[in-house]
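Thanks for coming. I have one structure to go through today, and I will take it a region at a time.

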Amino acid sequence: MAITVTNAYISTFETNVRQLAQQKRSLLRGAVTEVNKQSEKHNWDRLAASAARLKTSARTVSPAGGNGSGAVGSTDGLVWDRRQTLIQTYDTGEVIEPEDIVQMLIDPKSAATENLVMNMQRAIDDIIITAATGDATDGTGSAVTFPAGQIIGDYTGEINLDTVLEIQEKFDNNDVDPDEPRYMVIGPKQKRKLFQLIEVVSGDFQATKALADGKMPNFMGFSWIVSNRLNAPSAGQLDCFATTKKGLGLHVAGDIRTKVAERADMSFAYQVYMMMNMAAVRVEDEHVVWFKAKDTVA
């Protein structure tokens, strides 16, 4: 007689959906200045640095524009301008049929909602990364290209200690307030390269044990963010950047909103829908440094 016990074998299934490896939250949102205003555009007003004058005689005309003459009819004045964000709408969604729900152990609506929230969180990082090194928009709607003086590297050099020092030098030359929070956004290969430096991992230089927890410590005054969403112009190239919290602005007209409802036009299937209304801009060029990195580890 044949052995038929295998006919009684069963399959088991998890009661929770396993979300595959992915970035779950925005890594960069906390590294920028955020404004929450319901509007089509937001203007980021800016005022350039001015200079004092030496008063050389009594009863001189009061100055204007810092050190200008201030005389009647003069054109002296402080330099004002602005950067501008123009809101864009992003959305995502999924349709779940009623028959899907009754044939599954888990509730697909909950798992789908969680998955879609994560993809919207990543979209926020994409908005910020694009604004960091892309064209900014001024108050007249004209494009402002990234200043060449704020770029280091040409994709031929890997990150090293001198790279970080050169970026610090850029900030110092621009009189960036040393108390302003600073962030460095790099890729996984740059993290690996830095972990080969004794200055990063040694307890003689760091208060934390980087090799113990595998996380980038605060180093050279920067909080380090490792992102897989940075622009790669070509193979072996990566656009990393450093910024302060004042360097980039995120305008949130509408944060992530979620709707789950039945659709009468689709056999009463459940529609999971999300949307957000956001835009970002480089507010202060002096607060952003673009590092064109060779994306390798030698």
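I will start with Glu-158, which is buried, because its relative accessible area is 16%. Keep in mind throughout that this is a predicted model.

Which residue does the side chain of Glu-158 meet in a salt bridge? The partner is Lys-193, with 3.1 Å from N to O. Lys-193 lies in helix H4, residues 188–194, and Glu-158 sits in the loop between strand S7 (151–152) and H3, so this pair ties together parts that are 35 residues apart in sequence. Lys-193 is also a buried residue, because its relative accessible area is 18%. The cut-off for buried is under 20% relative accessible area.

Glu-158 comes up again in the surroundings of Thr-163. Thr-163 is a residue of helix H3, and it is buried, at 8% relative accessible area. If we leave aside neighbours within four places in sequence, Thr-163 is in contact with Ile-152, Glu-158 and Phe-291.

Which residues form the negative surface patch? They are Asp-162, Glu-166, Glu-169, Asp-172 and Asp-175. Glu-169 counts as partly exposed because its relative accessibility is 45%.

Now the other salt bridges. As a general point, side chains of opposite charge can pair when their charged atoms come close. How many salt bridges does a search of the whole structure find? The total is 11. I will go through some of them.

Asp-81 forms a salt bridge with Arg-46, and the closest N and O atoms are 2.9 Å apart. Asp-81 belongs to strand S3 and Arg-46 to strand S2, residues 41–47, so the pair ties together parts that are 35 residues apart in sequence. Is Arg-46 buried or exposed? It is buried, with a relative accessible area of 19%. Asp-81, on the other hand, is partly exposed, at 36% relative accessibility.

Next is Arg-229 with Asp-126, where the side chains meet in a salt bridge of 2.7 Å, N to O. Arg-229 is in the loop between strand S9 (222–226) and strand S10 (237–244), while Asp-126 is in helix H2, residues 108–133, so here the parts tied together are 103 residues apart in sequence. Arg-229 is partly exposed, with 30% relative accessible area. Asp-126 is partly exposed too, with 28%.

There is also a network of salt bridges, which links Arg-29, Glu-34 and Asp-255.

Back to strand S3, residues 80–86, for Thr-85. Thr-85 is buried, with a relative accessible area of 1%. What is Thr-85 in contact with, leaving aside neighbours within four places in sequence? The list is Glu-40, Lys-41, His-42, Trp-44, His-251, Ala-279, Ala-280 and Val-281. Take Val-281 from that list: its C-alpha atom is separated from that of Thr-85 by 6.0 Å, although the two residues are 196 residues apart along the chain.

On to the nonpolar part of the surface. Ile-3, Val-5 and Tyr-9 form a nonpolar patch there, and together they have about 390 Å² of accessible area. Val-5 belongs to the segment before strand S1, which covers 33–36.

Last, two backbone details. Met-220 has a phi near 60 degrees, a positive value in a residue other than glycine. Met-220 is placed in the loop between helix H6 (210–213) and S9, and it is partly exposed, with a relative accessible area of 28%. Where is Phe-268 found? It is in the loop between strand S11 (248–263) and strand S12 (269–282). Phi of Phe-268 is near 60 degrees, again a positive value in a residue other than glycine. Phe-268 counts as partly exposed, at 47% relative accessibility.

To recap the pairs: Lys-193 meets Glu-158, Asp-81 pairs with Arg-46, and Arg-229 meets Asp-126. That is what I have for today.

Key:
Residues numbered from 1 in each chain as written. Predicted model: local features only at pLDDT ≥ 70, side-chain atom pairs only at ≥ 80, totals over all residues. Heavy atoms only, no water. Patch = residues over 30% accessible without salt bridge, like charges linked within 9 Å, V, L, I, M, F, W, Y side chains within 5 Å. Areas by Shrake-Rupley, 256 points an atom, 1.4 Å probe, with all protein chains shown as cover. Salt bridge = Lys/Arg side-chain N within 4 Å of Asp/Glu carboxyl O. Lys, Arg positive; Asp, Glu negative; His and termini not counted. Charge placed at Lys NZ, Arg CZ, Asp CG, Glu CD. Buried < 20%, exposed > 50% of the residue type's maximum accessible area, 1.4 Å probe, protein only. Helix = DSSP H or I, 4+ residues; strand = E, 2+ residues; numbered from the N terminus. Contact = heavy atoms within 4.5 Å.
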